[in-house]
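Please take a moment with the sequence and the 3D structure below before reading on. The briefing that follows begins with a single pair of residues and then widens to the whole protein.

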Amino acid sequence: LKKEIKNNGEILRHSLRSNTSPTKIKNFGIWVRYDSRSGSHNMYREYRDVSRTGAVTQCYRDMAARHRARAHSIQIMKIESIKAGDTRRPLTKQMHDNKIEFPLPHRVLKYTKKSLFVANRPSTMQ
């Protein structure tokens, strides 16, 4: 990439891209370049979110957690919405199963009009 001085650039258009389907979860591929202590690196990362801004936020937090990269050292090159069949990462692919289930292991029952002091404990495992 060639660095550009702010004085030489000119903003032609600034527009906000609205989300066409704000309740549908989409797959986003993000091409990232970041500077680490040893040099600069290029990466491709995938995230699932309802919006592009949410996916970018996940990317910044993930890069900070995994690579200790600060926000000023991260450059986002490109963001693309990706079809489910075109995803590459196993963490993204595992969410595409139609029969996926999420267990709820510790269900705490709400208080009913029974006595608080009973002989046996409530069963929270189903």
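Which residue in β2 is the bridge partner of D35? In this predicted model, the residue that pairs with D35 is S40, which belongs to β2.

**The hairpin of β1 and β2**

- Strand β1 covers residues 26-35, and strand β2, made of residues 40-49, runs antiparallel to β1 and is joined to it by 10 bridges.
- The two strands β1 and β2 form a hairpin in which four residues lie between them, and G39, which sits in the turn, has a positive phi of about 160 degrees.

**The pairing of β1 with β3**

- Strand β1 also pairs with strand β3, which consists of residues 74-82, and this pairing is antiparallel and extends over eight bridges.
- Within this pairing, the residue of β3 that stands opposite N27 is I82.
- Seven of the 10 residues of β1 are buried, and β1 is therefore largely enclosed by the rest of the structure.

**W31 within strand β1**

- W31 is found in strand β1, and because its relative accessibility is 24%, which lies between the 20% limit for buried and the 50% limit for exposed, W31 counts as partly exposed.
- Once its neighbours within four places in sequence are left aside, W31 is in contact with several residues, among them M43, Y44, I76 and R88.
- E80 is another contact of W31, and although these two residues are 49 apart in sequence, their C-alpha atoms are 8.8 Å apart in space.

**The protein as a whole**

- The secondary structure comprises two helices and three strands, and these elements follow the pattern β-β-α-β-α when read along the sequence.
- The radius of gyration is 23 Å, well over the 14 Å that the globule rule gives for 126 residues, so the protein is more spread out than a compact globule.
- Taken along the principal axes, the box filled by the C-alpha atoms is roughly 80 × 35 × 30 Å.
- Of the 126 residues in the protein, 21% count as buried, and the accessible surface comes to about 11400 Å², with 53% of it belonging to carbon and sulfur atoms.
- Among contacts between residues at least 6 apart in sequence, 56% join residues that are at least 24 apart.
- The protein carries 27 positive and 10 negative side chains, and the centres of these two sets lie 7 Å apart.

Notes:
Residues numbered from 1 in each chain as written. Predicted model: local features only at pLDDT ≥ 70, side-chain atom pairs only at ≥ 80, totals over all residues. Heavy atoms only, no water. Buried < 20%, exposed > 50% of the residue type's maximum accessible area, 1.4 Å probe, protein only. Contact = heavy atoms within 4.5 Å. Pairing = 2+ DSSP bridges. Rg over C-alpha atoms; globule rule 2.2 N^0.38 Å. Areas by Shrake-Rupley, 256 points an atom, 1.4 Å probe, with all protein chains shown as cover. Lys, Arg positive; Asp, Glu negative; His and termini not counted. Charge placed at Lys NZ, Arg CZ, Asp CG, Glu CD.
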